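Please keep the sequence and the three-dimensional view at hand while reading.

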Amino acid sequence: MKNKQIQDLEKQGYRIVGKHSAIKVCLWCKRSLCGEDVCYKNTFYGIQSHRCIQSSVSLFNCLHNCQFCWRCLEYTDAKVIENPDEPKIILDGLIKEHKEFLQGFKGNDKVTNKLFNESMEPKHIALSLAGDATMYPKLPELIDLIHERKMTSFLVTNGLMPDMLEKLLQHQPTQLYITLAAPDKETYLKVCRPLVKDGWERLQKALQLLKKFQRSTIRLTLVKYLNMHNAKGYAEEVSKVQPMFVELKAGMPVGYAQYRMIYENMPRHEEIKEFAKEIAKLTNYKIVDEKENSRVVLLMKEDKYRKLNFN
Ligand code: SF4
Ligand code: SF4
């Protein structure tokens, strides 16, 4: 990585690990540690936000240039990572940097000893911060290592590397997400701006693979005036795949997305919920949960087996 790129990320609170990975302690981890609130994955699935490491193993590698991306898109590298770091080096580094950052919370009046001590034993890795983790060739080994350490893994991908998803079938993350940011190809090209010609086709192939994963999620990242239309198109995709979960979430103008989105593009929670109702009407899914301050709604066919036990 070049110095300028590193400096930009460090200014935003990233801590770099090795050649292509990083953590950034998320707002919800901090709020949970202070006993104030938890993130929606805590609410929906039972993960513990104050024990969760928000991470990336492929900071700049991605085959999309999504309009709502937090990254600085100038630095996008459309290649699979060459000469990648070893999974153990990465995992040890992510845990070390995360714990070091949280040391600053020791002695904070709002943080109880119990919560602080728990946070020093992270239980959960979110592979979702920036870039697409499926462009890290050793991802299957990394997922296995995370689980060997009795931690869980939530992996979010754009679905453009179906060959890697095929490999992951034998090395499944705790929960796999594919982001579906468009209800049709035309919108997809406008919103995700893929760097390969067959982006939509790759995504379709990945969605077919998604249904073979134990805990599968389609995530709709919704931005007003951009991709929050054609509920029928989204409903058709959901019906084809029949994932365990469908999350509808408002795209937020944070990080570099602030330069490509304005506040008015961010749907209100009520608007997300109305859109979720439309999709529910067109599918065999129903609303089972929501978190208003994250502007997110969860759909399932039946509200069963969604909470995980991380203790
Ligand atoms: S799941 Fe995501 S939002 Fe929740 S604590 Fe982990 S990184 Fe933060
Ligand atoms: S897929 Fe993710 S990392 Fe890649 S451009 Fe889109 S939002 Fe950014």
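Which residues surround ligand 2? In this predicted model, the residues around ligand 2 are Cys62, His64, Asn65, Cys66, Cys69, Arg71, Ala130, Gly131, Asp132 and Asn158. The protein as a whole contains 11 helices and 10 strands. Its radius of gyration is 18 Å, close to the 19 Å that the globule rule gives for 311 residues, so the protein is as compact as a globular protein of that length.

**Overall dimensions**

- Along the principal axes, the C-alpha atoms of the protein fill a box of roughly 50 × 40 × 40 Å.
- Of the 311 residues in the protein, 47% are buried.

**The surroundings of the ligands**

- Sorted by class, the shell around ligand 2 consists of four nonpolar, four polar and two charged residues.
- Ligand 1 has a shell made up of Cys26, Trp28, Cys29, Cys39, Lys41, Ile47, Ser49, Cys52, Gln54 and Ala126.
- Two or more residues of the shell around ligand 1 come from helix 2 (27-33), and two or more come from strand 3 (52-56).
- The shell around ligand 1 comprises seven nonpolar residues, two polar residues and one charged residue.

**The sheet**

- Strands of a sheet pair through backbone hydrogen bonds, and this pairing is either parallel or antiparallel.
- In this protein, 10 strands form an open sheet with mixed pairing, in the order 1-2-3-4-5-6-7-8-10-9.
- Strand 1 (15-17) and strand 9 (286-291) are the edge strands, and each of them pairs on one side only.
- On average, neighbouring strands of this sheet are turned by 25° against each other, direction ignored.

**Strand 8 and its two partners**

- Strand 8 covers residues 245-250 and is mostly covered, with five of its six residues buried.
- Strand 7 (residues 216-222) pairs with strand 8 in the parallel sense, over six bridges.
- Within this pairing, Leu222 has Ala250 of strand 8 as its bridge partner.
- A right-handed β-α-β unit is made by strand 7, helix 10 (residues 231-241) and strand 8.
- Strand 8 also pairs with strand 10, in the antiparallel sense and over four bridges.
- Opposite Leu248 stands Val297, which belongs to strand 10.

**Strands 9 and 10**

- Strand 9 and strand 10 (residues 296-300) run antiparallel and are joined by five bridges.
- Lys286 stands opposite Met300, a residue of strand 10.

**Two loop residues**

- Met244 and Asp303 are 59 residues apart along the chain, and their C-alpha atoms are separated by 9.6 Å.
- Asp109 is located in the loop between helix 4 (87-102) and helix 5 (113-119).
- Why does Asp109 count as exposed? Asp109 has 6 C-beta neighbours inside 10 Å, and a residue with 12 or fewer is exposed.
- From C-alpha to C-alpha, Asp109 and Glu290 are 30 Å apart in space, and they are 181 residues apart in sequence.

Key. Residues numbered from 1 in each chain as written. Chains lettered and ligands numbered in written order. Predicted model: local features only at pLDDT ≥ 70, side-chain atom pairs only at ≥ 80, totals over all residues. Pairing = 2+ DSSP bridges. Axes fitted to C-alpha atoms, helices over the stretch in contact; angles between N-to-C directions. Near = placed C-beta within 6 Å. Nonpolar A, V, L, I, M, F, W, Y, C, P; charged D, E, K, R; others polar. Buried ≥ 20, exposed ≤ 12 C-beta atoms within 10 Å, placed from the backbone. Right-handed = clockwise from strand over helix to strand, strands pointing away. Rg over C-alpha atoms; globule rule 2.2 N^0.38 Å.
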